[in-house]
Amino acid sequence: MSKSSLKSSVVSSFRMSWNSFKSKLLLKYALSYILMFLIPLTGVTIFIYENAINDLRREIEQTNVNQLIQVKLSIDERMSELQQITSRIAYDKQLSSYMVHHPYYEMEAIDTLGNYKVNSSILEDLFLYFHNDENIYSYRGLTNVHVAFGDWYHYSNWTSDQIYSDLNKIKQPMIRPAENVTVNSRNDSMLTMLFPIKPNDLYPTATVVYMVSEEKLTGVMDMILNNFSGSSYIFNQNGQLLTSNNHGNALPEQAVGSLASLEPGIHNMKLDGVEHSVVSVRSKENNWNYVTAIPSHQFFSKVVHIQTLFLLVFCITVLFGIIVAVILAKRQYHPIRDLIEFTKMKSSNYDMTRNEWDWIKQTLHDYSARIDTQEPFVRNQCLLMLFKHGKPDDPEIERMVASAGLEYPHGQGLYVSLILAWDDNLEGEDSSNIRQHLQEMFNELEFPSLQARVYGVEFSAKDQLALLVSVPAEAQEPAQKRIEDVVEAIKIMMNNSIQIMPYIGVGMPYPDLASINQSFIEAATAIDNRILGSNGRVTYFEQLQDMIASTSSEAYWLPKKSMLKLEQSLKQGNETVANQVIIDLIAEIKEAAVPAALLRCICFDLLNSLLKTAHELGVSEVFAGIHNFSVFETLEELEDRLTSLAVSICQQVERNTETEQPSLIEDIVAYVDQKFADYTLSLEHVALKYSISISYLSRTFKEKIGHNFTQYIWQRRMEEVIRLLVHTTAPLKDIIEQVGYLDAPNFIRKFKKETGYTPGQYRKLYAKKEQE
């Protein structure tokens, strides 16, 4: 390359850079980043430092809560063990008053007491005393009460006379706080527990005495404090201190007394002039309160090493802040520059002096217009889902339906479904044009004078048009009259637009979208029976019964419109609506007062209607078990058989519809494997995405995978958590959130139940195996 070419290239590059910096927007970016690095740096550092302390504090406090719960469970288990021993002693024939006082059997009774003592891991000694007896029994033999609690065990605050009195008078379990007891010239701190027998007896005849070393309880509580200096306490249901364990300076009695009445949870308190973090857990078994108190200043000692790191980061940031700000500003400006270049290609009147944001807004406006064109497709999918399944209980789908504008916007609404159908001989290009015109007309329509909104979608199964009409729930005129006015307005609009009037089937109105599938089935029933209509090509499902009754010489007891609705729901494969119609019909049969012979004929007529529909649909499988359906003794048995038959028919109809998608479940499994970490993933969401019913998806998914949908999601999340625990050092909280689980304590419980370890223990166990 020649010197002149090199010089020209350098000058060109310099000019391009300079032209970039001539942009006011780029200069604003650079200045903003410089200010972001230099001015707020101190505040950010303090904020991060404070958050580090608070996070560490919360983590330690939550750890203390979890450990304290474990201690509570362990001690509750020991106390429950003592209560069980008391019950067994009370009903043990070897330890009855007769056996104990009998010269021949008393040694067997003493051996039995020894067995009870050995079976408990926390008992130092066990005594059995019968009221008004001078002797007391233990695994060592019998002795005088005053000798046992005067010579063997000598209490500093409980005389042998008081003990004798308490042994005879006690009617409820009594637990004495830990106190010094002299045992063979050796001082030991013990808890003494008196349990009357038989338990809950108004007039007990004996007392069981348990002696527990305080070290057995405080040894368990030592697990709470770990490396921190602090105190732990156990209070009984009356707020009396049973035992305590101090690491460091002990709290005064007044401060300890204030801890007894604390509610369960984490508390920040000033005790003896020092800030403490206090954790309290209450037992539901015996209403004991477990409390730990840790001085707050210990939390700060854990983050001292972070200060040096913060200072170093602060100095480096100040030193390189300007350089980094310029680099980031240019990188931030780069996509904006690309967007401007894109705009220049689309527009020939680009003005360099114009603010770049104006061009960005114009570009976003163009893209927004393109997105708006997709909204009708989303609304159509929602309409098809509502007509098929109603509105499922899924927050994400509810938001989608609301955003599509399908809910009545002004308070509570009534919703009704209409179906538009043409004569079978209406074919050709004119028919296609008319239907296209109607679809565009009813895509989104509003009648302000009637306060009605109409949304339409082509129902491809029969090349018909389905309409969702919503009107206000509260009005002076009856609902049926308002629906008829809307239908009349639709007829007038079509009459002014096209020359051929389609048939209109009208369902019944419902107060929410969850039942619009019922109205859709009713509208389809009205269309299929339009030959009975007499209102200018409009057939109302509500009027079918009257029309049928007027054309028949006999009065049908069962509502014919319900039978037609049942037949239509089976043809649509909608088992929810079919089962509801069967339940309603059985309820009407129960209320009717008809002779037994006629009642059985009516029941067989209902069964025959389902079998006839199954035959028309080609569902021949149900006839193999026809004997099971025809044998019933009560209406409840008939209802079970009919609903079972309806489910079989609907499922086969659905399978026939979906046989053209052999790889559907494979696609769904692949989608779940990709999205299992999304906490919003649900069976309803997947069913909507793939346009199938929830029951079909649930049943087919389990048949294909071997697990139901919820179990499979849990299994995939467990596998990912184990992988992250083993191969990363990420915090447990982040890992749990990363796999889409929001309730961390519940996840830890389920993880331990399945693996036998908590996530932390599992990680340590794997690390230990790697080292070995």
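Predicted model: local features only at pLDDT ≥ 70, side-chain atom pairs only at ≥ 80, totals over all residues.

Reader: Which residue in β7 is the bridge partner of M193?

Author: The partner of M193 in β7 is Y210.

Reader: And what joins β7 to β1?

Author: Seven bridges do, and these two strands also run antiparallel. Along this pairing, D125 stands opposite M211 of β7, while F127 is found opposite V209 of β7.

Reader: How many residues of β7 are buried?

Author: Eight of its eight residues are buried, so that the strand is mostly covered. A206, V208, Y210 and V212 point one way, T207, V209, M211 and S213 point the other way, and the residues of both groups are buried.

Reader: What is the strand order in the sheet that these belong to?

Author: The order is β3-β2-β1-β7-β6-β5-β4, in an open sheet of seven strands with antiparallel pairing. At the edges are β3 (141–144) and β4 (153–155), each of which pairs on one side only. From one strand to the next, the twist averages 35°.

Reader: Which strands does α3 lie across?

Author: Helix α3 lies across β1, β6 and β7, and it runs at about 55° to β6. Another helix, α7 (residues 160–169), lies across β1, β2, β4, β5, β6 and β7, running at about 65° to β1.

Reader: Now the nonpolar core: which residues touch the most other members of the largest one?

Author: Those are I75, L82, I89, L126, L128, M193 and Y210, in a core of 36 residues. At least two residues of this core are supplied by each of α3 (41–90), α5 (106–118), β1, β6, β7, α8 (214–225) and β11. The largest share comes from α3, which gives nine residues.

Reader: What does L128 touch, leaving out residues up to four places away in sequence?

Author: With those left out, L128 touches I89, L95, V100, L113, I136, Y137, I197, A206, T207 and V208. There is also a second, separate core of 30 residues, and among its members are L570, I586, I602 and L607.

Reader: Changing topic, which peptide bond is cis?

Author: The bond from I197 to K198 is cis, with omega near 5°. K198 is placed in the loop between β6 (186–197) and β7 (206–213).

Reader: Where is N132, and what is its phi?

Author: N132 is in the loop between β1 (123–130) and β2 (135–138), and its phi is near 65°, a positive value in a residue other than glycine.

Reader: Is N132 buried or exposed?

Author: N132 counts as exposed, because its relative accessibility is 68% and the cut-off for exposed is over 50%.

Reader: And what about D272: where is it, and what is its phi?

Author: D272 has its place in the loop between β10 (265–271) and β11 (274–282). The phi of D272 is near 55°, which is again a positive value in a residue other than glycine, and with a relative accessible area of 55% this residue is exposed.

Reader: What span should α26 have?

Author: The twelve residues of α26 (residues 694–705) should span 16 Å, and the end C-alpha atoms are 16 Å apart, which agrees. Y696, L697, R699, T700 and F701 are buried in this helix, and just after α26, G706 takes a positive phi of about 95°.

Conventions
Residues numbered from 1 in each chain as written. Heavy atoms only, no water. Helix = DSSP H or I, 4+ residues; strand = E, 2+ residues; numbered from the N terminus. Buried < 20%, exposed > 50% of the residue type's maximum accessible area, 1.4 Å probe, protein only. Expected span 1.5 Å × (residues − 1). Core = buried A, V, L, I, M, F, W, Y, C linked by side-chain atoms within 4.5 Å. Contact = heavy atoms within 4.5 Å. Pairing = 2+ DSSP bridges. Axes fitted to C-alpha atoms, helices over the stretch in contact; angles between N-to-C directions.
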